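Dear colleague,

My notes on what was found follow it, and I would be glad if you read them with the model open.

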Amino acid sequence: MINLDHLNDQQRAAVTAPLGQVLVLAGPGSGKTRVLTQRIAYLIEGMGVRPHNILAVTFTNKAAREMQHRLQSLLGDDGEGVWLGTFHANCARILRREAQYLSFDNNFVIMDSDDQQALVKRAIRELNLDEKLYRPTSIHAAISTAKNNLITPADFPTQSYRDEITKRIYERYQSLLRDSNAVDFDDLLLETVRLLVDNPHVRERYARRFEHILVDEFQDTNLVQYELLKLLASIHGNLFVVGDEDQSIYRWRGADYRNMLRFEQDFPACQKILLEQNYRSTQTVLDAARAVIDRNKHRTRKHLFSERGAGERLVLYEAVDEHAEAAFVVDTIQQWVNSGKARGSDFAVMYRTNAQSRLLEEAFLRAGLPYRLVGALRFYGRREVKDLICFLRLVHNPDDEVSLARVINVPPRGVGEKTMVALQLAARQAGLSAGQLLIELGEKGEQSAHWGRFSGRSILPLADFGSQLAGWRRAVAEGLSLPGLFDRILLDTAYQEYIDDGSNEGKERWDNVQELRRLAYEFREGGLTAFLENLALVSDQDTLPEEAGNAATLLTLHAAKGLEFRFVFIIGLDEGLLPHARSKDDPEEMAEERRLLYVGITRAKDRVYLVRAHQRSQYGGPEIQEPSRFLEDLPESLIQRQGQRRHREVWESPESRALRSRVLSPNHRPASAALIEPRFHPTDRVRHPVWGEGIVMESRIQDGDETVDVFFESVGFKRLVASLANLEILPKG
DNA sequence: GAATTCCACGTTTTT
DNA sequence: CGTGGAATTC
Ligand SMILES: Nc1ncnc2c1ncn2[C@@H]1O[C@H](COP(=O)(O)OP(=O)(O)OP(=O)(O)O)[C@@H](O)[C@H]1O
């Protein structure tokens with residue numbers, strides 16, 4: 001039987017709530033996720049619910065993994081079988097099983113963002129539209145928004161000519177996807193909803209199966225997801241959702257925190273449970289967070305208190321530029337670690353945009369401090385990695401036109417635009433996909449009825465590639481393992497010779513290939529399908545090695561949601577970055593930026609460092625930065641400034657700065673070596689060269705130095721600056 | 001058809 | 001600044 005002792009009354013009420021709908025509405029650190037996890041354990045151990053009758057949904061893979069861990073430690077193997085994952089992963093799982101009802105078959109591929117972009121572009125070209133006028137990025141965004149709101153091409157509202165065009169592109173894009181036997185991320189949700197709506201018996205099967213559905217971070221559901229939940233819960237109606245409107249940060253993805261209100265309206269019988277105690281942060285951290293979020297309109301204020309004590313003020317550090325910003329972070333962490341008071345893994349550095357991680361990484365590397373970078377799909381963005389993934393995708397699903405277009409000429413085998421057009425034309429005439437036609441050419445050679453459709457010059461490389469592809473597919477059908485396939489592709493295409501030209505970059509490219517092979521090896525059991533699905537859905541990974549478990553974490557504010565750390569650095573607190581420039585015109589977006597900062601601050605258990613830079617090189621030239629408007633909302637009483645003040649700044653020309661940093665690197669340290677905590681503490685006995693012995697009354701960090709109040713036996717009370725006063729600490733006793 | 005050079009471009013956040 | 005795409009040359 002599970003143990004409910006380490007829950008407070010409200011939490012326990014939530015965990016053991018009777019059947020029906022439950023809405024847990026509570027601020028950060030109040031144990032929402034803990035309650036949700038305990039609820040699952042309670043259902044299984046206490047109520048005898050079988051794991052596979054439980055569906056638990058999270059928004060990010062990280063959150064899913066985290067919950068998996070917590071469940072594992074709570075239940076051990078008894079938790080096996082729970083459908084736990086992101087909306088997208090759970091939907092993909094359903095779609096693969098039910099492919100017979102769908103417009104694609106069960107070896108469909110999931111197109112990643114790049115692929116989607118490429119397909120939109122292709123759709124635009126095929127319709128002979130001007131890419132300048134109809135930017136693939138913005139059209140894609142429009143399509144995605146539509147999908148998130150359950151709008152199919154047929155329903156797409158056409159109020160303007162532009163809408164008309166967008167609708168046409170949307171239609172074409174969908175048919176390109178289906179021709180490739182592919183779906184995009186949004187389709188995973190949309191098609192699942194459609195599946196359940198159009199096929200009542202399928203809906204019934206799943207709705208019957210999922211006796212209990214639990215959703216974390218419910219404030220970030222969008223319309224499709226909400227619909228999906230209602231469909232899946234349509235028989236048992238046991239919906240357990242937890243959330244906090246103030247932490248809604250996915251508006252741009254269609255999320256609508258008002259789903260929390262909608263939930264109450266749609267399920268009037270729902271039980272609403274509030275949690276009020278924060279177990280994570282000190283009161284000071286909570287006060288600061290509240291000061292930030294209180295400025296948002298239309299929010300239901302929540303009581304939240306902490307018994308962890310007042311704690312320390314938030315540190316605000318204003319660096320000269322982004323290099324000094326990164327150096328401050330690294331220095332401070334290093335000092336804490338050296339002092340023995342913290343481990344590297346106690347720290348997280350959070351930022352608004354992934355681009356900000358670059359300088360941090362460099363600084364960490366220079367200092368020899370281990371770090372873990374979350375997200376930033378750099379590895380998968382690499383050309384060589386993408387190429388190989390496309391080969392694999394093609395083996396898995398030869399209809400995948402995007403992958404084919406990408407690798408048909410890799411390494412260069414003489415297939416250019418002309419040949420490609422000819423291939424597509426011939427394929428259309430033959431009623432096959434380009435990939436199928438290639439395979440046929442490869443298998444039958446000159447016997448193929450389609451051989452004659454090509455010129456003598458183009459047919460050879462095509463047939464050559466076709467026979468490779470056919471060979472790979474045959475090998476897989478005959479049981480070749482995933483790593484085996486991987487090696488065979490490398491061998492057949494002479495890939496190493498192609499990318500590894502002996503240069504450093506070549507070496508690095510080959511290393512990346514090896515890394516991908518290592519990943520493939522981990523999927524030797526699951527096989528190609530599982531591997532590809534994982535690449536598409538879980539590529540936010542901590543696949544990169546975790547350094548000895550002692551690494552600081554670098555991540556975006558979005559990725560930080562749901563996590564907690566003793567020490568949190570939030571960098572880039574400048575106008576334009578946080579809040580981001582693109583949000584400044586829309587009050588709703590601005591409110592979301594504020595929530596983002598709120599989320600960041602509330603990740604901290606003990607200490608928060610807010611960091612900004614007076615000057616940043618955006619692209620090219622340096623630009624003066626204004627402090628983030630959010631900083632103004634933090635009362636001085638909660639803030640401790642560290643380092644130089646703005647009025648002390650001396651303007652420095654870019655040239656001289658560049659020179660200086662060249663001279664000082666790689667061990668460049670900011671002048672304001674970060675002082676992290678007082679050397680002196682109340683009751684310490686100290687000796688001053690002039691005034692003799694005294695007792696420390698108080699000490700605090702101010703402007704990067706320490707101010708100490710001492711009561712001397714000879715002269716009484718004195719306020720001293722530690723770095724100047726030459727005070728000596730005397731042993732106690 | 002491939003390789004190289006040049007130029008304009010744009011930049012949030014995640015599945 | 002670095003990328004992606006187009007124009008240019010081989
Ligand atoms: N009753 C409790 N006693 C002790 N610690 C608790 C209790 N409830 C929660 N905690 C701890 O408080 C911290 C925050 O819990 P949790 O992550 O579940 O909160 P949350 O509400 O999901 O937070 P957020 O919304 O910020 O993600 C965790 O470290 C958790 O272990």
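In what follows, a residue is near a molecule or strand if one of its heavy atoms lies within 4 Å of it. Of the atoms of DNA strand B that lie within 4 Å of the protein, 54% belong to sugar or phosphate, and the rest belong to bases. Please bear in mind that this is a predicted model, in which local features need pLDDT of at least 70 and side-chain atom pairs count only at pLDDT 80 or more, while totals for chains, interfaces and linings use all residues. Residues are numbered from 1 along each chain as its sequence is written, chains are lettered from A and ligands numbered from 1 in the order in which they are written, and side-chain values use heavy atoms, with hydrogens and water left out.

By class, the surface near DNA strand B has eight nonpolar, 14 polar and eight charged residues (Ala, Val, Leu, Ile, Met, Phe, Trp, Tyr, Cys and Pro count as nonpolar, Asp, Glu, Lys and Arg as charged, and the others, Gly among them, as polar). Several polar contacts were found, a polar contact being a pair of N or O atoms within 3.5 Å; within protein, one must be able to donate a hydrogen and the other to accept it, and residues adjacent in sequence count only if both atoms are side-chain atoms.

Around DNA strand C the residues are Lys121, Arg125 and Tyr619, and a polar side-chain atom of lysine 121 lies 2.8 Å from a phosphate oxygen of DNA strand C.

The ligand is surrounded by 19 residues, of which Gln11, Lys32, Thr33, Glu564 and Arg603 are the closest. The shell around the ligand is made up of three nonpolar, 10 polar and six charged residues. Because domain 1 (9-97 + 189-275) and domain 3 (305-378 + 545-658) both give residues to this shell, the ligand lies between them; the domain bounds come from an automatic or database domain assignment. A polar side-chain atom of arginine 603 lies 2.7 Å from an oxygen atom of the ligand, a backbone N or O atom of arginine 34 lies 2.8 Å from an oxygen atom of the ligand, and a polar side-chain atom of tyrosine 279 lies 3.5 Å from a nitrogen atom of the ligand. Taken alone, the ligand exposes 630 Å², and the protein buries 86% of that (accessible areas come from the Shrake-Rupley method with a 1.4 Å probe; for residues, only the protein chains shown count as cover).

Lastly, some backbone details may deserve a look. Most residues other than glycine have a negative phi, and most peptide bonds are trans. Asparagine 128, however, has a positive phi of about 55 degrees although it is not a glycine. A cis peptide bond joins valine 410 and proline 411, with omega about -10 degrees, and another cis peptide bond joins leucine 578 and proline 579, where omega is about 5 degrees.
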